[in-house]
Every structure is written in structure tokens, then in C-alpha cells.
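Colleague: I am new to this entry and would like to learn how to read it feature by feature. Could you take me through it slowly, giving the general idea before each case?

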Amino acid sequence: MPHDPMIHPVADRVAGLNARYRNHAAQAVLERALTDPHVGRIALVSSFGAESVVLLHMLSVIDRSAPVLFIDTQMLFPETLSYQAEVATALGLTDVRTIRARPEAVAARDPEGLLHQADTDACCDLRKTEPLERALADFDAWITGRKRFQGATRATLDFFENEGDRRIKVNPLAHWAPQDVQDYMINNRLPRHPLVARGYPSIGCAPCTSRVAPGEDPRAGRWRDAEKEECGIHFINGKVVRGPLPKEEEQPMNMLVTDQGFGKDDWTNGFVSAEQIGAPADAPMLAVDLPSDTDPASLAGLLQGIALIRVEFPSFADGRGFTLARRLRLMGFNGRLRARGHVLADQYAMARRAGFDEVEISPELTARQPWEQWQARAGWQSHDYQSRLRGTA
Amino acid sequence: MYKYNDFDEAFVRERVAQFSAQVARRIDGSLSEEEFRPLRLMNGLYLQLHAYMLRVAVPYGTLNSRQMRQLAYIAERCDKGYGHFTTRQNIQYNWPKLPDVPDMLSALADVEMHAIQTSGNTIRNVTSDHFAGAAADEIEDPRPWAELIRQWSTDHPEFQFLPRKFKIAVTGSPNDRAVVKAHDIGLRMIRDENGEAGFEVIVGGGLGRTPMEGKVIRPFLPKADLLPYLEAIVSVYNLLGRRDNKYKARIKITVHENGIETVRAMVEEEFLLRRTAFGGADQALFSQISDAFRAPAFSVGPTVAYDSAHAGDPVFRAWADTNLARHRNPDYAIVTISLKKPGATPGDATAAQMRVMADLAEEFGHDELRVSHEQNIVLPHVHRANLPALHARLIAADLATANIGLVSDIIACPGMDYCALATARSIPVAQEIATRFEELRLAHDIGPLKIKISGCINACGHHHVGHIGILGLDRAGVENYQITLGGDGTQDFAIGERAGPGFAYDEIVPAIERLLLAYLDLRDGQEETFLDAYRRLGPGPFKAALYPEAERGRKHAA
């Protein structure tokens with residue numbers, strides 16, 4: 001049953017939905033949004049851009065037949081078009097609807113395909129905003145992948161938004177941090193947009209998207225050098241000033257966490273991969289990087305000459321590193337053992353008990369989880385059932 | 001019963017303090033729900049359809065009266081005055097408010113309980129035979145082993161972030177009441193040819209969307225090797241288990257995809273390495289644990305009161321004949337208190353009922369209670385002379401339902417009424433079946449029968465191992481119930497076979513009625529149970545009863 005905004009005002013439904021799902025996680029919000037009668041007929045709108053695959057995957061797990069609207073502005077990168085087909089097939093989505101501008105409108109307003117050079121807003125209106133508006137006429141609500149961290153215009157984003165008293169906009173990922181998006185893609189082995197690896201963290205139409213330099217805002221490559229922030233489908237009053245590139249800033253360093261506190265990495269001899277472990281002559285200055293899917297048996301007989309082993313944690317939920325550490329210790333490795341990557345402060349005691357000496361974390365994680373949070377778990381030797389059971393207490 | 005030592009006590013208090021700080025960070029907004037999730041899951045706190053849900057561990061289902069009273073207190077203070085006992089021998093509170101949770105955990109710690117590892121991708125609360133320590137058919141009480149496993153698995157540094165959740169069950173008896181073949185690891189105590197007790201180790205069983213019977217990985221494991229062997233299995237799984245798809249991440253899929261031979265070879269190799277790390281301290285600890293589980297001093301006395309009540313009081317007799325099981329001491333009985341009154345929610349108990357059960361355990365039952373995976377409460381040691389008085393008190397508390405093992409003793413998951421994953425209602429179906437057979441007065445005539453109902457494909461209601469299993473699904477927005485037949489969770493393990501097309505919500509109870517009336521016609525005398533009749537006759541005649549239309553059509557065609 002379609003919702004009649006005159007009978008059930010959008011603002012009331014949005015307020016109720018936000019109250020009801022305030023404490024829910026992204027997946028739960030999406031799942032409920034698809035079925036809650038207060039939401040009504042709903043579609044996912046996706047650009048099949050850099051991070052779109054997260055919501056598409058969540059949707060495919062819940063309901064592959066839910067409608068997905070893909071706006072083909074006919075100005076997209078060819079990579080986006082092939083990625084769109086690849087993702088839709090891989091996830092088994094059965095109702096992807098491609099939305100385009102009406103040919104007669106394009107013929108009338110942008111016959112040469114050069115409108116974007118003269119007036120980007122008019123181009124967005126023609127190729128994106130208007131076709132989407134038409135497609136959404138049949139829906140009471142639509143799902144977007146917008147997140148709070150994406151800028152000041154989005155900083156107070158709620159799960160459910162009132163779009164001009166006409167429709168509800170659902171933002172299941174509103175509270176996600178950049179790392180959550182990465183974790184989700186890694187954990188679910190999702191295919192990545194090919195342009196991400198080539199320096200495009202946010203992807204729109206080809207003429208108006210450029211590469212982003214390290215350290216720049218991920219959306220800095222959209223309409224670069226223009227006052228524009230949003231294409232118009234998410235238009236909000238109020239402007240953001242995106243900062244310029246940080247000048248001459250020192251490349252931030254990873255932090256080393258030990259029982260003593262935070263410190264800089266004192267290892268300066270570099271790391272090699274397991275396949276590159278060479279002659280024992282390299283010893284004792286050899287340090288090896290191990291991915292989390294290493295088979296520890298493949299290292300039998302090679303541990304003798306290694307000074308430091310660094311085990312990768314691609315996500316805090318990937319607990320293989322803990323068993324790898326224990327195995328290496330049981331195989332007789334006595335050198336330095338380091339966990340590196342997405343390790344949480346709350347996991348520090350586990351890492352130490354499993355056999356690690358230290359943890360290496362990114363500047364971003366260092367900022368989010370200050371030393372006090374690690375210190376709370378630094379007393380890892382007490383309250384430990386394992387040492388009692390092994391007689392090492 | 002096991003009593004916390006200073007170490008256990010300090011451990012649990014430390015965890016409460018840690019979690020209280022995390023809750024405070026969540027409430028003041030410095031932790032988002034996404035960041036808070038793994039932390040709350042490590043402490044048994046779920047987010048459900050309507051609210052948070054706290055799942056409290058009842059290790060191997062054993063409680064004393066003080067603990068049961070505390071559960072009643074928490075139900076009154078932080079919930080709506082009741083608790084829900086689950087198929088994992090736990091208790092769940094469905095309506096706690098987040099700011100109350102630290103207080104709840106602290107109240108639990110006061111009686112040596114916790115909610116640690118009742119959720120998350122870790123080794124969950126160990127389950128066991130609810131008749132342990134009392135059953136006549138037992139080789140050894142499995143609970144000291146279960147307690148040893150609890151200590152070993154608690155906060156195990158390697159195993160807090162496994163590919164998926166991991167469940168271990170132990171039974172000390174050849175008659176399996178702990179469904180060990182449907183667990184990630186099942187341990188069944190057996191004797192070798194020299195009479196020495198040890199474990200048959202079973203791995204890779206499970207129900208859920210891909211039901212599988214566990215496979216024997218080690219036919220006989222000496223008891224002293226238990227922890228290093230378990231550690232070998234779980235560490236092999238931690239590295240080998242799939243992490244790309246949560247529906248393929250359980251060890252049953254790992255075993256299925258790699259083959260039991262490959263997994264066994266890897267485990268045995270790992271075991272040799274792991275064994276070196278255990279120097280006997282675990283066995284010393286075990287013998288201390290074991291002392292705590294010594295049988296109570298059974299009282300001696302005449303059982304005349306029981307005999308005369310049994311002869312003279314038909315209501316008592318009906319209850320005694322269904323709800324008592326044989327105790328190893330012939331003057332004693334094992335009492336099962338049914339939480340399955342027809343029309344009520346299976347497994348729910350009010351705070352007042354919990355207090356009555358605690359009182360009865362204290363007065364008549366050597367201060368012991370058990371939660372069974374069939375969602376009832378067991379008093380394992382009651383002298384027969386006390387049974388009439390106990391029964392009278394149960395009647396007064398509305399707890400004297402005489403239906404253990406019968407048609408209305410149904411396992412049901414919470415279903416769409418509480419669970420965010422559910423696709424259909426299950427509790428109302430259980431209630432209506434129970435009420436219907438109450439009206440028909442056929443329960444005792446039908447005899448032993450296990451009906452199990454799940455409200456979604458995840459199978460929390462164990463429908464695969466029900467003699468009659470009911471699975472509620474969502475078909476294009478309409479509830480639809482599939483029936484499976486012939487499942488069995490005991491030592492004769494079998495996964496039920498799907499009978500045919502599903503039934504609508506208003507058709508499912510009549511379908512069960514047709515099925516059971518057909519059984520009464522088909523059986524070879526009163527002694528032949530539903531399951532035996534199904535095994536003798538096969539699905540044919542039962543399907544015919546379920547689908548009379550199709551049957552008529554077939555005959556016309558013939």
C-alpha cells in the first residue's frame with residue numbers, strides 16, 4: 001500500500017522510525033526499513049561507486065529481489081559500467097533498474113554532451129536529479145549510502161530523514177566510520193571498483209571526477225575547483241569549506257604499543273615476505289611480514305634466522321593472527337612477534353597472551369584509541385585462566 | 001556443586017567493571033553502536049527486535065537455590081517479572097534497559113554467575129546432560145569436565161574471534177540427552193576395552209540452515225588429553241574455517257568441505273604440539289573441581305508416602321508417571337518441572353515460580369536445580385517420600401503440568417514475537433498445538449513425542465531433530481510452515497525428512513492433528529511410539545494423512 005503523506009505525515013513517521021531504531025546497527029536498520037510498514041515502498045539508489053558494494057551486499061543478503069535504482073548519466077567511467085554488471089551478477093540482484101535521462105531532453109538541452117563544461121548544476125539536473133525524481137515517484141522511501149563522516153553537510157545525518165514531506169530517505173550507514181566500510185568489504189571479500197586502486201576514493205561522472213592525493217578529503221576529487229559539494233540529489237542548504245592539501249606535513253607514522261606505552265617503531269631494517277626468506281646469512285637482521293592466511297606449517301625450518309615476525313590483522317574480527325602467534329611460539333620462535341593492523345585496545349590482553357610482544361597501529365587508530373584505553377588492558381598477566389591451566393601462573 | 005574460588009570471583013568482577021565502563025562510553029556517545037557491538041556481544045548483550053536482550057550463562061545447566069532466587073530478583077527488578085529458559089540451558093531477559101545491564105551483571109556476580117561468551121564468534125557456554133550426577137545410566141558425572149572446559153574456554157586469547165560461534169556439549173552417559181551429535185564438538189563418555197573411561201570426540205555437527213550429523217574424529221580420547229585435544233581442534237578450525245561467508249563459516253562446513261580425514265590429520269598433528277604446553281596443572285585443577293561435584297549425602301528412609309499417593313491419587317499418579325525419571329538411588333527420583341503449560345510460552349517462568357522452584361530445591365532437593373535443553377527445570381535429587389508434598393506445592397504455583405515427553409512438551413524458539421531474524425511466529429503455534437491436544441485429551445494416549453518448532457531457517461528450535469519438526473518460513477510475506485518427520489536428537493541421531501509442501505498458519509495445527517490421529521490408527525499397539533511407527537512404516541502413510549487432497553488425486557489417477 002502506498003503511503004499518502006496527507007494521511008500519515010512523513011515527519012511523524014520519520015520521528016517514530018528514528019526513535020524505534022535509534023540503537024540499531026546498519027544491517028538491522030536496512031532489514032527493518034525493507035519491511036516496516038511505516039516506511040512503505042522502498043528502493044535502494046546506488047551509483048555502483050567506490051563504497052556502494054557494501055549496501056548492495058547487505059541488501060542481497062536480506063532480499064535479492066528488492067529494487068535497486070542505478071543512475072546512468074551516460075557520462076560514467078566505462079569501469080563503472082562493467083563494475084555495475086559484475087557486482088549485480090556476483091550478488092545475484094534480480095531487480096536492478098537503470099535510470100537515464102529521456103533522450104528528447106538530452107537532445108534539447110545537451111546535444112553535444114558538453115553541458116558539464118558550461119554549467120555543472122544544469123548537467124546534474126538533466127542527467128541525475130530529474131531522472132531519479134521520476135523513478136522515485138513510485139516509491140515512498142529510498143535508501144542511500146551517505147555517512148556522517150563524509151563532511152559537515154552530513155554530520156548530523158539520522159537513519160531516517162524527511163525529504164521535503166514527500167518521501168523518507170533511509171541512511172543505514174549513517175554512523176559508520178571509514179574503517180567500518182573497509183572492514184565490511186574485507187570481511188565479505190567484496191569486489192572493489194577498479195578505479196579505487198588508481199586513486200579515486202569517490203567516483204562520479206568521468207568529466208567531473210579527478211584523482212585525490214594522499215591526505216586529501218576522499219570527496220575532494222568530485223567537482224574539483226568548483227563550489228559544488230553535492231550533485232543535487234542530496235542537496236542541502238549550507239556550504240562546506242573543504243580544506244586545502246596539508247602543506248609539507250610529515251607523513252604520519254604508525255604507532256607501536258607495548259606494555260610500557262606508545263612509542264615509535266625502532267625497527268629500521270625493513271620487512272620481507274615469507275617467500276623472500278633467503279639464506280641464513282641474512283640473520284639476525286631479518287624481519288618477515290605474514291598475512292593472516294599464512295599456513296604456519298609452511299614456515300617449518302625457516303624460523304631460526306628471523307629476528308622479527310609481523311602478523312597482519314586486516315580486521316579486528318579476523319582472529320587468525322592469535323592462533324598464528326601461538327603456533328609460532330609452539331614451533332619454537334623466540335624472536336620479536338608483532339601484531340599489525342586493525343587491533344582494538346580491548347584485544348591487547350589477547351594479543352599478549354597469545355604470544356605477541358607488541359602491536360603496531362595506524363595513526364587513525366592511534367587517534368581513536370588513546371593509550372589510556374590500551375593501558376586498561378595492559379595488566380594482561382592477571383585474571384588469566386590459561387596460565388592456571390598450564391601451570392605458568 | 002562447583003563453588004567459585006578467589007580467582008573465579010576476581011575474574012568475573014573484573015569483567016563487570018570493564019563492561020560497566022564500556023556501557024558508560026556507549027551512553028555518553030563516545031562509542032557508536034557499531035563499535036559497541038563486539039564489546040557487548042562478548043558479554044551476552046544482544047540487540048533484538050524491540051530492545052536489548054541479555055543472555056545469562058547457566059554453565060552445564062546447573063543452579064542452586066540462591067542463584068535461582070537471584071534470577072527471580074533480576075527478572076523483577078530489570079525485566080517484566082519473568083525470564084525465558086532456552087534450549088542452550090541459559091536464561092534470557094528480553095526487556096533490560098542498557099543503563100541497568102551493569103547492575104544485572106553485578107547481581108549475577110554476587111551469586112557466581114555471568115553472561116560471558118553467551119554470544120559472539122567464540123566458544124559458547126558448555127552444555128551437558130540435565131540428569132548428570134543423578135542418572136542411573138551414567139559412566140561418570142560429565143559436569144566436572146564441563147567446568148574444566150568452561151575455565152579453559154573463558155577468555156581464551158586465541159578463540160575470541162573465531163570464524164563463527166562454537167558450541168561444545170558433554171554427556172557422561174551412553175544415552176545421549178545432550179544432543180552431542182548436533183554440536184561443533186560433542187564429547188560422549190565411553191569405556192575402552194580395558195574398562196577405562198574416556199571420550200568419543202565428535203566434530204562438525206549442527207542444525208541451522210545446513211543440518212549435519214557430527215562425525216567421529218577420535219574414537220577414544222584419554223580423559224587427561226581433553227584440553228590439548230580441544231585446543232587442537234579449535235585452532236585448526238580458526239585457521240581453516242571460512243571467513244568469506246558467515247553461512248559457510250561453522251566447523252560443520254569446514255569438515256564437510258575438507259573431509260574428516262584431512263581435518264583429523266591436521267588436528268592430530270596440532271595435538272602433539274599443543275600437548276607439550278599442558279604440564280599436568282590442568283589435571284590438578286580438575287581433581288579440585290571434581291571434589292566439588294561429589295554426590296550429596298542421600299537420605300535413607302521409607303518411601304511409603306510416595307507409594308500410597310501413587311496408588312490413591314490419580315492426579316499425582318499422572319504427574320509422577322510422566323514427570324519422574326529413574327535416579328541411580330532407587331529411593332530417589334529425578335523430577336522434571338514442566339515450563340510447558342498448554343497455552344503458555346514454552347520456557348517462560350515468572351519470578352514467583354522461580355522462587356517456588358528454589359524453595360523446593362532447598363527443602364527437598366539437596367539444593368540443586370537444572371535447566372534442561374528442552375526448556376524445563378529439573379530437580380535432580382528428590383527422595384520419593386517428599387514427592388507428594390512437592391507435587392502439592394507445584395500445583396499451588398501452577399507448575400504441576402504433567403506432560404514431560406508428551407505432545408505438549410514442545411521446544412519452540414522465540415520466533416517473530418521477539419527475534420529480529422525470525423520469519424514466522426513459533427510460540428503461538430506451540431501454544432495452539434498444546435491447547436488443541438489438551439481439548440482432545442489424547443496426550444497420554446499418543447505417548448512419547450517430541451515436537452520442535454523453529455521460526456526461521458536458523459533452527460534455534462531444533463526442528464531437525466524433532467520427531468515432528470515444524471519450520472516457519474516467510475513465503476512472499478505470508479507465514480508458511482514446513483513439516484519434517486523422523487528426526488531424533490539422541491544416540492540414534494537422525495535428521496528429520498521434509499514431508500512435503502508447507503502449510504499456512506491456520507492450517508498447521510489441523511495438519512498436526514491429522515498426523516497424530518493417523519499414527520494412533522497405524523501403530524502396532526500402545527507400546528509403539530510415534531518415532532518407532534515412523535521408522536517401521538516410512539513416510540508414506542504419514543504423508544497421506546498430511547496431504548489428503550494429493551492422496552485422493554493419486555488414487556483417482558491410478
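Modeller: Let us begin with contacts: two residues are in contact if their C-beta atoms, placed from the backbone, lie within 7 Å. In chain B, residues 24 or more positions apart account for 67% of the contacts with a separation of 6 or more. In chain A, among contacts between residues at least 6 apart in sequence, 68% join residues at least 24 apart. Please keep in mind that this is a predicted model, in which local features need pLDDT of at least 70 and side-chain atom pairs count only at pLDDT 80 or more, while totals for chains, interfaces and linings use all residues. Residues are numbered from 1 along each chain as its sequence is written, and chains are lettered from A and ligands numbered from 1 in the order in which they are written.

Colleague: How many helices and strands are there in chain B, and how many in chain A?

Modeller: Helices (H or I, at least four residues) and strands (E, at least two) are DSSP runs, numbered from the N terminus. Chain B has 19 helices and 21 strands, and chain A has 13 helices and 13 strands.

Colleague: What radius of gyration does chain B have, and what would a compact globule have?

Modeller: The radius of gyration is taken over C-alpha atoms, and the globule rule is 2.2 Å times the number of residues to the power 0.38. For 558 residues that rule gives a value near 24 Å, and chain B, with 23 Å, agrees with it. Along the principal axes, the C-alpha atoms of chain B fill a box of roughly 70 × 60 × 60 Å.

Colleague: Which residues have the most contacts inside the largest nonpolar core?

Modeller: In soluble globular proteins, nonpolar side chains tend to be buried together. A nonpolar core is here a set of buried Ala, Val, Leu, Ile, Met, Phe, Trp, Tyr and Cys residues joined through C-beta atoms within 7 Å. The largest has 96 residues, and those with the most contacts inside it are B:Ile233, B:Ile433 and B:Ile470. Helix 6 of chain B gives the most to this core, with ten residues, and the core draws at least three residues from each of domain 2 (142-292) and domain 4 (411-557) of chain B. Leaving aside neighbours within four places in sequence, B:Ile233 is in contact with B:Ile185, B:Val203 and B:Val267.

Colleague: Where do the domain bounds come from, and how is chain B divided?

Modeller: The bounds come from an automatic or database domain assignment. Chain B is divided into domain 1 (6-110), domain 2 (142-292), domain 3 (304-396) and domain 4 (411-557). The centres of domain 1 and domain 4 of chain B, taken over C-alpha atoms, are separated by 35 Å, and four residues of domain 1 of chain B are in contact with six residues of domain 4 of chain B.

Colleague: How many residues of each chain take part in the contact between chain B and chain A?

Modeller: The contact takes 35 residues from chain B and 30 residues from chain A. Several helices of chain B each supply at least two residues of the side that touches chain A, including helix 1 (6-27) and helix 5 (143-153). B:Thr154 lies in the loop between helix 5 and strand 7 (168-171) of chain B. Not counting residues up to four places away in sequence, B:Thr154 touches A:Tyr385, B:Ile116 and B:Gln117. With 22 C-beta neighbours inside 10 Å, B:Thr154 counts as buried.

Colleague: Which residues of chain A does UniProt place under "binding site"?

Modeller: UniProt positions are given in the numbering used here, feature names are shortened, and annotations may be inferred rather than shown by experiment. The unreviewed UniProt entry places that feature at A:Cys123, A:Cys124, A:Cys205 and A:Cys208. They span 86 residues in sequence, yet no two of their C-alpha atoms are more than 10.6 Å apart, so they gather at one spot. A:Cys123 is found in helix 7 (residues 120-136) of chain A and is buried, with 26 other C-beta atoms within 10 Å. A:Cys124 also has its place in helix 7 of chain A and is buried, with 25 other C-beta atoms within 10 Å.

Methods:
Buried ≥ 20, exposed ≤ 12 C-beta atoms within 10 Å, placed from the backbone.
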